Amino acid sequence: MSEKQTPTALLMIFGATGDLAKRKLFPSIYRLFKKGKISNFAVVGVARRSLTNEEFQQNVKDSVLTFAKESENIDEFISHFYYHSHDVANSTSYKELKEIAENLDHQYELDGNRVFYLAMAPEFFGTIAEHIKSEGLTETKGYKRLVIEKPFGHSFDSAQELNDQLRTAFSEDEIYRIDHYLGKEMVQNIEVIRFANAIFEPLWNSRYISNIQVTSSEVLGVEERGRYYETSGALRDMVQNHMLQMVALLAMEPPIRLNTEEIRSEKVRALRSLRWMKKDEVNQYFVRGQYGKGTIQGQEVPAYREEAMVDPESNTETFVAGKLMIDNFRWAGVPFYIRTGKRMDTKSTKIVVQFKDIPMNLYYKSEEHLNPNLLVIHIQPEEGITLMLNAKKTGTSMKTTTVKLDFANKSVDTMNTPEAYEKLLYDSMRGDATNFTHWDEVALSWKFVDNISEVWEKETDPTFPNYASGTTGPDCADELLAKDGNFWWPVDNLDIDPC
Ligand SMILES: NC(=O)C1=CN([C@@H]2O[C@H](COP(=O)(O)OP(=O)(O)OC[C@H]3O[C@@H](n4cnc5c(N)ncnc54)[C@H](OP(=O)(O)O)[C@@H]3O)[C@@H](O)[C@H]2O)C=CC1
Ligand SMILES: O=C1O[C@H](COP(=O)(O)O)[C@@H](O)[C@H](O)[C@H]1O
(Lines give C-alpha, C1' and ligand atoms only; values in the text may rest on other atoms or scores of the structure.)
(Ligands and ions follow the chains in the order given, each with its own letter.)
Protein backbone atom coordinates (compact mmCIF):
# COMPACT_ATOMS: atom_id res chain seq x y z
CA MET A 1 0.00 0.00 0.00
CA SER A 2 1.64 3.25 1.03
CA GLU A 3 5.20 3.30 -0.15
CA LYS A 4 6.51 6.47 1.35
CA GLN A 5 4.83 9.19 3.37
CA THR A 6 6.72 12.07 1.70
CA PRO A 7 7.06 10.81 -1.84
CA THR A 8 9.44 12.28 -4.38
CA ALA A 9 8.23 12.41 -7.95
CA LEU A 10 8.13 14.21 -11.22
CA LEU A 11 4.52 14.95 -12.05
CA MET A 12 3.83 15.38 -15.73
CA ILE A 13 0.38 16.88 -16.33
CA PHE A 14 -0.96 16.48 -19.87
CA GLY A 15 -3.65 19.14 -20.31
CA ALA A 16 -1.99 21.61 -17.94
CA THR A 17 -3.77 24.65 -19.38
CA GLY A 18 -7.20 23.05 -18.97
CA ASP A 19 -10.04 23.53 -16.55
CA LEU A 20 -9.32 20.51 -14.38
CA ALA A 21 -5.67 21.46 -13.89
CA LYS A 22 -6.60 25.01 -12.99
CA ARG A 23 -9.53 24.30 -10.67
CA LYS A 24 -8.46 21.06 -9.01
CA LEU A 25 -4.92 19.89 -9.66
CA PHE A 26 -2.80 22.98 -8.96
CA PRO A 27 -4.67 23.87 -5.74
CA SER A 28 -4.36 20.26 -4.61
CA ILE A 29 -0.62 20.08 -5.28
CA TYR A 30 -0.26 23.35 -3.42
CA ARG A 31 -2.09 21.98 -0.38
CA LEU A 32 0.18 18.92 -0.35
CA PHE A 33 3.19 21.23 -0.53
CA LYS A 34 1.90 23.53 2.18
CA LYS A 35 1.21 20.62 4.52
CA GLY A 36 4.73 19.35 3.92
CA LYS A 37 3.46 16.14 2.36
CA ILE A 38 5.62 16.75 -0.71
CA SER A 39 8.84 18.69 -0.88
CA ASN A 40 11.07 16.96 -3.45
CA PHE A 41 8.94 17.28 -6.51
CA ALA A 42 8.72 18.99 -9.88
CA VAL A 43 5.79 19.45 -12.21
CA VAL A 44 5.96 19.62 -15.99
CA GLY A 45 2.82 21.08 -17.49
CA VAL A 46 2.14 19.90 -21.00
CA ALA A 47 -0.41 21.44 -23.38
CA ARG A 48 -0.76 22.69 -26.91
CA ARG A 49 -0.49 26.45 -26.57
CA SER A 50 2.84 28.16 -26.39
CA LEU A 51 3.81 29.46 -22.93
CA THR A 52 7.08 30.29 -21.21
CA ASN A 53 7.87 28.70 -17.86
CA GLU A 54 7.24 32.07 -16.25
CA GLU A 55 3.81 32.45 -17.86
CA PHE A 56 2.88 28.95 -16.79
CA GLN A 57 4.07 29.62 -13.23
CA GLN A 58 1.92 32.75 -13.17
CA ASN A 59 -1.11 30.63 -14.27
CA VAL A 60 -0.41 28.20 -11.45
CA LYS A 61 -0.12 31.05 -8.98
CA ASP A 62 -3.43 32.56 -10.17
CA SER A 63 -5.13 29.22 -9.84
CA VAL A 64 -3.88 28.69 -6.28
CA LEU A 65 -4.88 32.19 -5.25
CA THR A 66 -8.34 31.77 -6.78
CA PHE A 67 -9.18 28.22 -5.78
CA ALA A 68 -7.08 27.50 -2.71
CA LYS A 69 -7.33 31.15 -1.63
CA GLU A 70 -3.90 30.99 -0.05
CA SER A 71 -0.53 32.46 -0.80
CA GLU A 72 1.91 31.19 1.83
CA ASN A 73 5.25 30.32 0.16
CA ILE A 74 3.57 30.62 -3.22
CA ASP A 75 6.69 31.80 -5.05
CA GLU A 76 8.71 28.88 -3.76
CA PHE A 77 5.85 26.57 -4.74
CA ILE A 78 5.58 27.78 -8.34
CA SER A 79 9.33 27.53 -8.83
CA HIS A 80 8.77 23.74 -9.03
CA PHE A 81 6.65 24.17 -12.20
CA TYR A 82 7.88 23.93 -15.82
CA TYR A 83 6.06 24.03 -19.11
CA HIS A 84 6.40 22.19 -22.41
CA SER A 85 4.33 23.07 -25.45
CA HIS A 86 3.38 19.86 -27.13
CA ASP A 87 1.01 18.19 -29.53
CA VAL A 88 -0.01 14.72 -28.40
CA ALA A 89 0.63 13.19 -31.80
CA ASN A 90 4.13 14.60 -32.23
CA SER A 91 6.81 12.00 -31.42
CA THR A 92 9.67 14.53 -31.40
CA SER A 93 7.95 16.44 -28.65
CA TYR A 94 7.96 13.34 -26.38
CA LYS A 95 11.72 13.04 -26.96
CA GLU A 96 12.07 16.62 -25.72
CA LEU A 97 9.90 15.77 -22.74
CA LYS A 98 12.17 12.85 -21.93
CA GLU A 99 15.15 15.17 -21.82
CA ILE A 100 13.29 17.64 -19.60
CA ALA A 101 12.27 14.78 -17.30
CA GLU A 102 15.84 13.53 -16.99
CA ASN A 103 17.17 17.00 -16.19
CA LEU A 104 14.52 17.62 -13.53
CA ASP A 105 15.10 14.16 -12.10
CA HIS A 106 18.70 15.10 -11.57
CA GLN A 107 18.04 18.66 -10.37
CA TYR A 108 15.41 17.68 -7.77
CA GLU A 109 16.80 14.20 -6.91
CA LEU A 110 13.54 12.52 -7.78
CA ASP A 111 14.88 8.95 -7.91
CA GLY A 112 13.46 8.55 -11.42
CA ASN A 113 9.88 8.45 -10.08
CA ARG A 114 7.33 9.59 -12.65
CA VAL A 115 3.59 10.18 -12.48
CA PHE A 116 1.93 10.88 -15.83
CA TYR A 117 -1.41 12.58 -15.21
CA LEU A 118 -3.74 12.61 -18.22
CA ALA A 119 -6.05 15.60 -17.72
CA MET A 120 -7.13 15.76 -21.35
CA ALA A 121 -9.98 14.72 -23.57
CA PRO A 122 -10.32 10.91 -23.43
CA GLU A 123 -9.69 10.41 -27.16
CA PHE A 124 -6.03 11.30 -26.45
CA PHE A 125 -5.47 8.86 -23.58
CA GLY A 126 -4.37 5.88 -25.69
CA THR A 127 -2.09 7.89 -28.00
CA ILE A 128 -0.33 9.58 -25.11
CA ALA A 129 0.28 6.31 -23.27
CA GLU A 130 1.67 4.68 -26.41
CA HIS A 131 4.01 7.63 -27.12
CA ILE A 132 5.17 7.76 -23.51
CA LYS A 133 6.30 4.19 -23.95
CA SER A 134 7.65 4.36 -27.51
CA GLU A 135 9.70 7.52 -26.86
CA GLY A 136 11.31 6.06 -23.76
CA LEU A 137 9.69 8.15 -21.03
CA THR A 138 8.86 5.00 -19.11
CA GLU A 139 12.51 3.94 -19.10
CA THR A 140 13.40 5.14 -15.66
CA LYS A 141 15.02 3.66 -12.60
CA GLY A 142 12.14 4.78 -10.39
CA TYR A 143 8.45 3.99 -10.54
CA LYS A 144 6.22 5.02 -13.42
CA ARG A 145 2.49 5.53 -12.93
CA LEU A 146 -0.33 6.65 -15.14
CA VAL A 147 -3.17 8.60 -13.57
CA ILE A 148 -6.13 8.75 -15.87
CA GLU A 149 -9.24 10.89 -15.72
CA LYS A 150 -12.76 9.90 -16.55
CA PRO A 151 -14.48 8.93 -18.71
CA PHE A 152 -12.76 5.57 -19.01
CA GLY A 153 -14.47 4.57 -22.27
CA HIS A 154 -18.03 4.99 -23.39
CA SER A 155 -19.06 1.34 -23.18
CA PHE A 156 -17.43 -1.94 -22.22
CA ASP A 157 -15.96 -2.39 -25.72
CA SER A 158 -14.42 1.09 -25.92
CA ALA A 159 -13.14 0.83 -22.34
CA GLN A 160 -11.49 -2.48 -23.17
CA GLU A 161 -9.90 -1.02 -26.28
CA LEU A 162 -8.54 1.89 -24.23
CA ASN A 163 -7.33 -0.46 -21.52
CA ASP A 164 -5.49 -2.59 -24.08
CA GLN A 165 -3.75 0.53 -25.39
CA LEU A 166 -2.72 1.62 -21.90
CA ARG A 167 -1.51 -1.85 -21.04
CA THR A 168 1.06 -1.71 -23.87
CA ALA A 169 2.87 0.91 -21.76
CA PHE A 170 1.77 0.33 -18.14
CA SER A 171 0.92 -2.71 -16.09
CA GLU A 172 -2.43 -2.85 -14.25
CA ASP A 173 -0.81 -1.91 -10.95
CA GLU A 174 0.75 1.18 -12.58
CA ILE A 175 -2.63 2.50 -13.81
CA TYR A 176 -4.53 4.76 -11.41
CA ARG A 177 -8.05 5.33 -12.76
CA ILE A 178 -9.55 8.34 -11.03
CA ASP A 179 -13.04 8.25 -9.59
CA HIS A 180 -13.07 11.43 -7.56
CA TYR A 181 -15.91 10.15 -5.36
CA LEU A 182 -13.43 7.65 -3.92
CA GLY A 183 -11.38 10.60 -2.70
CA LYS A 184 -14.29 12.09 -0.77
CA GLU A 185 -13.90 11.94 2.97
CA MET A 186 -17.26 10.35 3.73
CA VAL A 187 -17.07 7.86 0.88
CA GLN A 188 -13.78 6.69 2.38
CA ASN A 189 -15.61 6.59 5.70
CA ILE A 190 -18.15 4.00 4.52
CA GLU A 191 -15.76 1.14 5.22
CA VAL A 192 -14.84 2.52 8.63
CA ILE A 193 -18.46 3.07 9.66
CA ARG A 194 -19.26 -0.48 8.61
CA PHE A 195 -16.23 -2.38 9.81
CA ALA A 196 -15.14 -0.45 12.89
CA ASN A 197 -18.49 -0.34 14.70
CA ALA A 198 -19.90 -3.32 16.51
CA ILE A 199 -23.37 -1.77 16.36
CA PHE A 200 -23.59 -1.76 12.56
CA GLU A 201 -21.85 -4.74 11.01
CA PRO A 202 -24.04 -7.39 12.73
CA LEU A 203 -27.11 -5.60 11.36
CA TRP A 204 -25.68 -5.01 7.90
CA ASN A 205 -27.72 -7.61 6.02
CA SER A 206 -31.17 -8.57 4.76
CA ARG A 207 -32.42 -9.58 8.22
CA TYR A 208 -32.26 -6.02 9.52
CA ILE A 209 -32.03 -3.68 6.55
CA SER A 210 -35.13 -2.86 4.55
CA ASN A 211 -33.47 -0.87 1.76
CA ILE A 212 -30.52 1.41 1.04
CA GLN A 213 -30.87 4.67 -0.88
CA VAL A 214 -27.99 6.47 -2.55
CA THR A 215 -28.78 9.92 -3.94
CA SER A 216 -26.48 12.32 -5.72
CA SER A 217 -28.40 15.37 -6.81
CA GLU A 218 -26.97 18.43 -8.48
CA VAL A 219 -28.33 21.92 -8.93
CA LEU A 220 -26.09 22.68 -11.89
CA GLY A 221 -27.12 21.82 -15.42
CA VAL A 222 -24.71 20.62 -18.09
CA GLU A 223 -23.06 24.06 -18.25
CA GLU A 224 -20.65 24.18 -21.19
CA ARG A 225 -20.30 20.38 -21.41
CA GLY A 226 -23.27 19.81 -23.73
CA ARG A 227 -21.23 18.12 -26.44
CA TYR A 228 -19.77 15.54 -24.04
CA TYR A 229 -23.01 15.08 -22.11
CA GLU A 230 -25.06 14.37 -25.23
CA THR A 231 -22.99 11.23 -25.77
CA SER A 232 -22.93 10.34 -22.10
CA GLY A 233 -26.09 11.14 -20.16
CA ALA A 234 -26.45 10.60 -16.44
CA LEU A 235 -26.14 6.83 -16.78
CA ARG A 236 -22.60 6.90 -18.15
CA ASP A 237 -21.59 10.15 -16.45
CA MET A 238 -22.57 9.24 -12.88
CA VAL A 239 -24.02 5.73 -12.55
CA GLN A 240 -21.27 3.71 -14.26
CA ASN A 241 -18.65 5.13 -11.93
CA HIS A 242 -19.57 7.10 -8.79
CA MET A 243 -22.94 5.53 -8.00
CA LEU A 244 -21.84 1.93 -8.55
CA GLN A 245 -18.66 2.52 -6.60
CA MET A 246 -20.67 3.72 -3.59
CA VAL A 247 -22.99 0.70 -3.90
CA ALA A 248 -19.99 -1.63 -4.04
CA LEU A 249 -18.56 -0.13 -0.85
CA LEU A 250 -21.91 -0.47 0.92
CA ALA A 251 -22.53 -4.01 -0.24
CA MET A 252 -19.11 -5.67 -0.18
CA GLU A 253 -18.11 -8.29 2.37
CA PRO A 254 -15.52 -7.28 4.97
CA PRO A 255 -12.11 -7.70 3.33
CA ILE A 256 -9.75 -10.09 5.08
CA ARG A 257 -7.19 -7.27 5.18
CA LEU A 258 -7.54 -3.54 4.67
CA ASN A 259 -5.22 -3.46 1.69
CA THR A 260 -5.74 -2.51 -1.93
CA GLU A 261 -6.01 -6.02 -3.36
CA GLU A 262 -8.43 -7.35 -0.74
CA ILE A 263 -10.73 -4.33 -0.81
CA ARG A 264 -10.82 -4.33 -4.59
CA SER A 265 -11.51 -8.01 -4.75
CA GLU A 266 -14.50 -7.63 -2.38
CA LYS A 267 -15.83 -4.72 -4.44
CA VAL A 268 -15.50 -6.82 -7.57
CA ARG A 269 -17.44 -9.66 -5.92
CA ALA A 270 -20.21 -7.22 -4.96
CA LEU A 271 -20.41 -5.90 -8.52
CA ARG A 272 -20.47 -9.45 -9.83
CA SER A 273 -23.51 -10.11 -7.64
CA LEU A 274 -25.60 -7.36 -9.24
CA ARG A 275 -28.75 -8.90 -10.62
CA TRP A 276 -28.61 -9.08 -14.39
CA MET A 277 -31.75 -7.68 -16.03
CA LYS A 278 -33.26 -9.15 -19.18
CA LYS A 279 -33.79 -6.49 -21.83
CA ASP A 280 -37.55 -6.41 -21.25
CA GLU A 281 -36.97 -5.97 -17.49
CA VAL A 282 -34.72 -2.91 -17.72
CA ASN A 283 -37.54 -0.37 -17.50
CA GLN A 284 -38.94 -2.09 -14.42
CA TYR A 285 -35.66 -1.54 -12.60
CA PHE A 286 -34.43 1.74 -14.09
CA VAL A 287 -36.18 4.98 -14.99
CA ARG A 288 -34.85 8.14 -16.54
CA GLY A 289 -35.61 11.81 -16.77
CA GLN A 290 -34.62 14.97 -18.57
CA TYR A 291 -34.92 18.44 -17.09
CA GLY A 292 -37.24 21.04 -18.50
CA LYS A 293 -37.00 24.70 -17.71
CA GLY A 294 -37.69 25.85 -14.20
CA THR A 295 -36.64 28.09 -11.38
CA ILE A 296 -33.64 27.52 -9.13
CA GLN A 297 -32.86 29.88 -6.28
CA GLY A 298 -35.17 32.47 -7.84
CA GLN A 299 -33.48 32.28 -11.24
CA GLU A 300 -35.16 30.95 -14.38
CA VAL A 301 -33.04 28.29 -16.02
CA PRO A 302 -33.43 26.76 -19.48
CA ALA A 303 -34.48 23.24 -20.34
CA TYR A 304 -31.76 20.71 -21.21
CA ARG A 305 -32.86 20.80 -24.85
CA GLU A 306 -32.14 24.54 -24.92
CA GLU A 307 -28.59 24.21 -23.61
CA ALA A 308 -25.58 24.95 -25.86
CA MET A 309 -24.48 22.05 -28.07
CA VAL A 310 -27.54 19.97 -27.18
CA ASP A 311 -29.91 18.57 -29.78
CA PRO A 312 -33.28 20.38 -29.44
CA GLU A 313 -34.93 16.94 -29.62
CA SER A 314 -32.37 15.22 -27.45
CA ASN A 315 -33.25 11.87 -25.89
CA THR A 316 -30.34 12.09 -23.42
CA GLU A 317 -31.22 11.46 -19.78
CA THR A 318 -30.14 14.00 -17.17
CA PHE A 319 -31.64 11.95 -14.35
CA VAL A 320 -31.54 8.24 -13.55
CA ALA A 321 -33.14 6.27 -10.75
CA GLY A 322 -32.67 2.56 -10.38
CA LYS A 323 -33.26 -0.42 -8.18
CA LEU A 324 -30.28 -2.70 -7.86
CA MET A 325 -30.61 -6.16 -6.41
CA ILE A 326 -27.52 -7.85 -5.08
CA ASP A 327 -28.08 -11.53 -5.40
CA ASN A 328 -25.94 -12.95 -2.66
CA PHE A 329 -26.58 -14.45 0.76
CA ARG A 330 -26.19 -11.16 2.66
CA TRP A 331 -28.43 -9.00 0.49
CA ALA A 332 -31.14 -11.29 -0.89
CA GLY A 333 -34.33 -9.25 -1.21
CA VAL A 334 -32.86 -5.86 -0.17
CA PRO A 335 -33.21 -3.17 -2.83
CA PHE A 336 -30.40 -0.66 -3.27
CA TYR A 337 -32.06 2.37 -4.79
CA ILE A 338 -29.90 4.92 -6.57
CA ARG A 339 -30.80 8.26 -8.11
CA THR A 340 -28.79 11.04 -9.63
CA GLY A 341 -29.75 14.05 -11.64
CA LYS A 342 -28.85 17.51 -12.79
CA ARG A 343 -30.86 20.68 -12.17
CA MET A 344 -32.52 19.30 -9.09
CA ASP A 345 -33.61 21.27 -6.06
CA THR A 346 -30.54 20.59 -3.90
CA LYS A 347 -26.86 19.82 -4.25
CA SER A 348 -26.54 16.79 -2.07
CA THR A 349 -25.00 13.35 -1.94
CA LYS A 350 -26.39 11.11 0.79
CA ILE A 351 -26.76 7.49 1.67
CA VAL A 352 -29.78 6.46 3.72
CA VAL A 353 -29.79 3.00 5.24
CA GLN A 354 -33.36 2.19 6.28
CA PHE A 355 -33.61 -0.53 8.89
CA LYS A 356 -36.56 -2.89 9.04
CA ASP A 357 -39.48 -2.13 11.31
CA ILE A 358 -39.37 -3.84 14.67
CA PRO A 359 -41.67 -6.88 14.78
CA MET A 360 -44.18 -5.25 17.14
CA ASN A 361 -45.32 -1.72 17.51
CA LEU A 362 -44.44 -0.31 20.88
CA TYR A 363 -46.68 -2.09 23.43
CA TYR A 364 -49.01 -3.05 20.53
CA LYS A 365 -50.37 0.47 20.31
CA SER A 366 -51.81 0.47 16.83
CA GLU A 367 -52.40 4.23 16.85
CA GLU A 368 -48.73 4.90 17.55
CA HIS A 369 -46.64 5.36 14.39
CA LEU A 370 -42.98 4.46 14.72
CA ASN A 371 -40.50 5.66 12.14
CA PRO A 372 -37.90 3.17 11.00
CA ASN A 373 -34.35 3.64 12.25
CA LEU A 374 -32.20 5.33 9.65
CA LEU A 375 -28.47 5.64 9.32
CA VAL A 376 -27.67 8.59 7.08
CA ILE A 377 -24.19 9.10 5.67
CA HIS A 378 -23.84 12.69 4.49
CA ILE A 379 -21.24 12.75 1.73
CA GLN A 380 -21.65 16.38 0.62
CA PRO A 381 -22.00 19.32 0.96
CA GLU A 382 -22.09 18.66 4.70
CA GLU A 383 -20.09 15.68 5.89
CA GLY A 384 -21.25 13.51 8.74
CA ILE A 385 -23.50 10.79 10.05
CA THR A 386 -27.00 10.90 11.45
CA LEU A 387 -28.73 8.10 13.29
CA MET A 388 -32.50 8.39 13.58
CA LEU A 389 -33.90 6.61 16.61
CA ASN A 390 -37.22 6.49 18.43
CA ALA A 391 -37.36 7.73 21.99
CA LYS A 392 -39.96 8.64 24.56
CA LYS A 393 -41.49 12.08 24.34
CA THR A 394 -40.59 14.08 27.39
CA GLY A 395 -43.42 14.18 29.90
CA THR A 396 -45.86 11.85 31.51
CA SER A 397 -47.20 10.08 28.40
CA MET A 398 -45.52 7.08 26.80
CA LYS A 399 -45.72 8.62 23.32
CA THR A 400 -42.67 8.31 21.10
CA THR A 401 -40.75 10.79 19.05
CA THR A 402 -37.92 10.53 16.56
CA VAL A 403 -34.56 11.75 17.78
CA LYS A 404 -31.44 12.45 15.75
CA LEU A 405 -27.90 11.61 16.78
CA ASP A 406 -25.71 13.79 14.62
CA PHE A 407 -22.03 13.81 13.91
CA ALA A 408 -20.90 16.61 11.60
CA ASN A 409 -17.48 16.59 10.06
CA LYS A 410 -16.07 19.94 9.09
CA SER A 411 -18.03 21.34 6.20
CA VAL A 412 -16.21 21.63 2.92
CA ASP A 413 -16.87 23.30 -0.39
CA THR A 414 -20.16 22.53 -2.11
CA MET A 415 -18.42 21.43 -5.28
CA ASN A 416 -16.32 18.52 -6.40
CA THR A 417 -13.73 19.56 -3.82
CA PRO A 418 -9.99 19.79 -4.28
CA GLU A 419 -9.65 17.80 -1.07
CA ALA A 420 -10.66 14.69 -3.02
CA TYR A 421 -8.03 15.37 -5.68
CA GLU A 422 -5.48 16.21 -3.03
CA LYS A 423 -5.87 12.79 -1.44
CA LEU A 424 -5.90 10.97 -4.75
CA LEU A 425 -2.84 12.77 -6.08
CA TYR A 426 -0.99 12.02 -2.88
CA ASP A 427 -2.04 8.37 -3.02
CA SER A 428 -0.85 8.06 -6.60
CA MET A 429 2.54 9.50 -5.65
CA ARG A 430 2.99 7.17 -2.71
CA GLY A 431 1.65 4.10 -4.49
CA ASP A 432 -1.65 3.51 -2.73
CA ALA A 433 -4.18 2.42 -5.35
CA THR A 434 -6.99 1.55 -2.93
CA ASN A 435 -9.13 4.52 -3.89
CA PHE A 436 -8.73 4.08 -7.62
CA THR A 437 -10.77 1.74 -9.77
CA HIS A 438 -9.30 -1.55 -10.93
CA TRP A 439 -9.98 -2.67 -14.48
CA ASP A 440 -12.20 -5.51 -13.22
CA GLU A 441 -14.50 -2.98 -11.50
CA VAL A 442 -14.60 -0.78 -14.59
CA ALA A 443 -15.38 -3.74 -16.84
CA LEU A 444 -18.22 -5.04 -14.65
CA SER A 445 -19.74 -1.56 -14.25
CA TRP A 446 -19.69 -0.96 -17.98
CA LYS A 447 -21.33 -4.31 -18.73
CA PHE A 448 -24.11 -3.50 -16.25
CA VAL A 449 -24.65 0.00 -17.67
CA ASP A 450 -24.41 -1.13 -21.33
CA ASN A 451 -27.31 -3.48 -20.67
CA ILE A 452 -29.46 -0.47 -19.76
CA SER A 453 -28.20 1.96 -22.39
CA GLU A 454 -28.75 -0.59 -25.16
CA VAL A 455 -32.46 -0.53 -24.28
CA TRP A 456 -32.71 3.22 -23.78
CA GLU A 457 -30.90 4.10 -26.97
CA LYS A 458 -33.50 2.19 -28.98
CA GLU A 459 -36.49 3.88 -27.32
CA THR A 460 -37.10 7.60 -27.55
CA ASP A 461 -38.73 8.66 -24.31
CA PRO A 462 -41.90 10.56 -25.32
CA THR A 463 -42.28 12.06 -21.84
CA PHE A 464 -39.05 14.11 -22.04
CA PRO A 465 -38.66 16.66 -20.55
CA ASN A 466 -40.35 15.02 -17.58
CA TYR A 467 -39.15 17.07 -14.63
CA ALA A 468 -38.90 20.79 -14.11
CA SER A 469 -35.57 22.24 -13.08
CA GLY A 470 -35.45 22.85 -9.35
CA THR A 471 -37.49 19.78 -8.37
CA THR A 472 -36.65 16.34 -6.97
CA GLY A 473 -36.92 14.65 -10.38
CA PRO A 474 -39.59 12.89 -12.39
CA ASP A 475 -42.63 11.09 -10.92
CA CYS A 476 -41.43 7.78 -12.33
CA ALA A 477 -38.63 7.81 -9.73
CA ASP A 478 -41.19 7.91 -6.91
CA GLU A 479 -43.30 5.25 -8.62
CA LEU A 480 -40.26 2.97 -8.81
CA LEU A 481 -40.10 2.82 -5.01
CA ALA A 482 -43.84 2.98 -4.47
CA LYS A 483 -44.16 -0.35 -6.30
CA ASP A 484 -42.16 -1.87 -3.43
CA GLY A 485 -44.06 0.04 -0.74
CA ASN A 486 -41.05 2.35 -0.23
CA PHE A 487 -40.36 6.04 -0.73
CA TRP A 488 -37.32 8.26 -1.10
CA TRP A 489 -36.14 9.85 2.09
CA PRO A 490 -35.61 13.56 1.50
CA VAL A 491 -31.98 14.58 1.09
CA ASP A 492 -32.23 18.16 2.27
CA ASN A 493 -34.02 17.80 5.59
CA LEU A 494 -34.75 14.53 7.31
CA ASP A 495 -37.10 16.17 9.81
CA ILE A 496 -39.81 16.52 7.23
CA ASP A 497 -42.11 13.79 5.96
CA PRO A 498 -40.74 11.44 3.33
CA CYS A 499 -41.03 12.67 -0.27
N1 LIG B 1 -12.98 19.95 -15.68
C2 LIG B 1 -13.44 19.16 -14.71
O3 LIG B 1 -13.95 19.57 -13.63
C4 LIG B 1 -13.35 17.69 -14.86
C5 LIG B 1 -12.67 17.13 -15.93
N6 LIG B 1 -12.55 15.77 -16.01
C7 LIG B 1 -11.81 15.16 -17.10
O8 LIG B 1 -10.50 15.74 -17.20
C9 LIG B 1 -10.06 15.79 -18.53
C10 LIG B 1 -9.67 17.22 -18.90
O11 LIG B 1 -10.82 18.04 -18.76
P12 LIG B 1 -10.73 19.64 -18.80
O13 LIG B 1 -9.56 20.13 -18.04
O14 LIG B 1 -12.07 20.12 -18.43
O15 LIG B 1 -10.48 19.92 -20.37
P16 LIG B 1 -10.11 21.30 -21.09
O17 LIG B 1 -10.78 21.26 -22.42
O18 LIG B 1 -10.33 22.45 -20.21
O19 LIG B 1 -8.53 21.19 -21.32
C20 LIG B 1 -7.98 20.37 -22.31
C21 LIG B 1 -6.48 20.42 -22.26
O22 LIG B 1 -5.97 19.57 -23.29
C23 LIG B 1 -4.99 20.30 -24.05
N24 LIG B 1 -5.01 19.82 -25.45
C25 LIG B 1 -6.06 19.72 -26.27
N26 LIG B 1 -5.67 19.20 -27.45
C27 LIG B 1 -4.35 18.95 -27.35
C28 LIG B 1 -3.39 18.40 -28.21
N29 LIG B 1 -3.69 17.99 -29.46
N30 LIG B 1 -2.11 18.28 -27.78
C31 LIG B 1 -1.78 18.70 -26.53
N32 LIG B 1 -2.65 19.22 -25.67
C33 LIG B 1 -3.92 19.36 -26.07
C34 LIG B 1 -5.43 21.73 -23.95
O35 LIG B 1 -4.33 22.54 -24.25
P36 LIG B 1 -4.54 23.97 -24.97
O37 LIG B 1 -5.58 24.67 -24.16
O38 LIG B 1 -3.21 24.60 -24.90
O39 LIG B 1 -5.05 23.67 -26.34
C40 LIG B 1 -5.87 21.79 -22.49
O41 LIG B 1 -4.74 21.93 -21.67
C42 LIG B 1 -11.20 15.20 -19.36
O43 LIG B 1 -10.95 13.83 -19.53
C44 LIG B 1 -12.43 15.39 -18.47
O45 LIG B 1 -13.42 14.42 -18.74
C46 LIG B 1 -13.08 14.95 -15.04
C47 LIG B 1 -13.77 15.44 -13.99
C48 LIG B 1 -13.99 16.84 -13.81
O1 LIG C 1 -17.87 13.13 -12.55
C2 LIG C 1 -18.74 13.98 -12.49
O3 LIG C 1 -19.09 14.45 -11.28
C4 LIG C 1 -19.71 15.72 -11.17
C5 LIG C 1 -20.33 15.74 -9.78
O6 LIG C 1 -19.29 15.69 -8.85
P7 LIG C 1 -19.52 16.25 -7.39
O8 LIG C 1 -18.26 15.93 -6.69
O9 LIG C 1 -19.78 17.72 -7.53
O10 LIG C 1 -20.71 15.55 -6.85
C11 LIG C 1 -20.76 15.93 -12.22
O12 LIG C 1 -21.21 17.27 -12.18
C13 LIG C 1 -20.18 15.68 -13.58
O14 LIG C 1 -21.20 15.77 -14.56
C15 LIG C 1 -19.55 14.31 -13.64
O16 LIG C 1 -18.82 14.20 -14.87
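Where is the place of Pro-151? Pro-151 sits in the loop between strand E5 (144–148) and helix H6 (156–167). A word on those labels: helices (H or I, at least four residues) and strands (E, at least two) are DSSP runs, numbered from the N terminus. The peptide bond from Lys-150 to Pro-151 is cis, with omega near -5°.

Now the ground rules. This is a predicted model, where local features need pLDDT of at least 70, side-chain atom pairs count only at pLDDT 80 or more, and totals for chains, interfaces and linings use all residues. Residues are numbered from 1 along each chain as its sequence is written, chains are lettered from A and ligands numbered from 1 in the order in which they are written, and side-chain values use heavy atoms, with hydrogens and water left out.

Back to the backbone. The peptide bond from Gln-380 to Pro-381 is cis too, with omega near 0°. Pro-381 lies in the loop between strand E15 (374–380) and E16. Then look at Gln-297. Gln-297 is not a glycine, yet has a positive phi of about 45°. Find Gln-297 in the loop between strand E10 (294–296) and strand E11 (299–301).

Next, helix packing. Two packed helices are described by the angle between their axes and the distance between the axes. Here, axes are lines fitted to C-alpha atoms, for helices over the stretch in contact, and angles run from 0 to 180 degrees between N-to-C directions.

Take H8 and H12. Their axes are 10 Å apart, and the packing angle is about 140°. H8 and H12 are therefore oblique to each other. On this scale, angles under 35 degrees count as roughly parallel, over 145 as roughly antiparallel, 65 to 115 as roughly perpendicular and the rest as oblique. The H8 and H12 crossing is right-handed. A crossing is left-handed if the near helix is turned anticlockwise from the far one by less than a right angle, and right-handed if clockwise. Who makes the contact? From H8, the residues include Leu-235, Val-239 and Leu-244. From H12, they include Trp-446, Phe-448 and Trp-456. Contact means heavy atoms within 4.5 Å. By class, the contact of H8 with H12 has 9 nonpolar, 4 polar and 3 charged residues. For the classes, Ala, Val, Leu, Ile, Met, Phe, Trp, Tyr, Cys and Pro count as nonpolar, Asp, Glu, Lys and Arg as charged, and the others, Gly among them, as polar.

Now H9 and H12. The axes come within 9 Å and cross at roughly 15°. H9 and H12 are therefore roughly parallel to each other. This crossing is left-handed. H9 brings Arg-264, Lys-267, Val-268, Leu-271 and Arg-272 to the contact, and H12 brings Asp-440, Glu-441, Leu-444 and Ser-445. That contact divides into 3 nonpolar, 1 polar and 5 charged residues.

On to empty space. Rolling a probe the size of a water molecule over the atoms shows where empty space is left. On a 1 Å grid over the protein atoms alone, a cavity is a set of points where a 1.4 Å probe fits but cannot get out, and a pocket is an open set with protein on both sides within 12 Å along at least five of seven lines; lining residues have an atom within 4 Å of a point. Grid points are joined across faces, edges and corners, and a volume is the space filled by probe spheres set on the points.

How many cavities of 30 Å³ or more does the search find? It finds 3 in the whole structure. The largest cavity holds about 180 Å³. Its lining has 19 residues, with Phe-152, Gln-240, Asn-241, Thr-437 and Val-442 closest to the centre. Helix H8 (226–251) and helix H12 (439–458) each supply at least two of the lining residues. H8 gives the most, with 5. The lining of the largest cavity has 6 nonpolar, 7 polar and 6 charged residues.

The second largest cavity holds about 40 Å³. Among its lining residues are Leu-182, Glu-191, Ile-263 and Asn-435. Helix H7 (185–195) and helix H9 (260–272) each give two or more. H7 has the largest share, 3 residues.

Last, a pocket. The second largest pocket has a volume of about 510 Å³. Of its 26 lining residues, Lys-356, Asp-357, Ile-358, Asn-371 and Pro-372 lie nearest the centre. Thanks, everyone.
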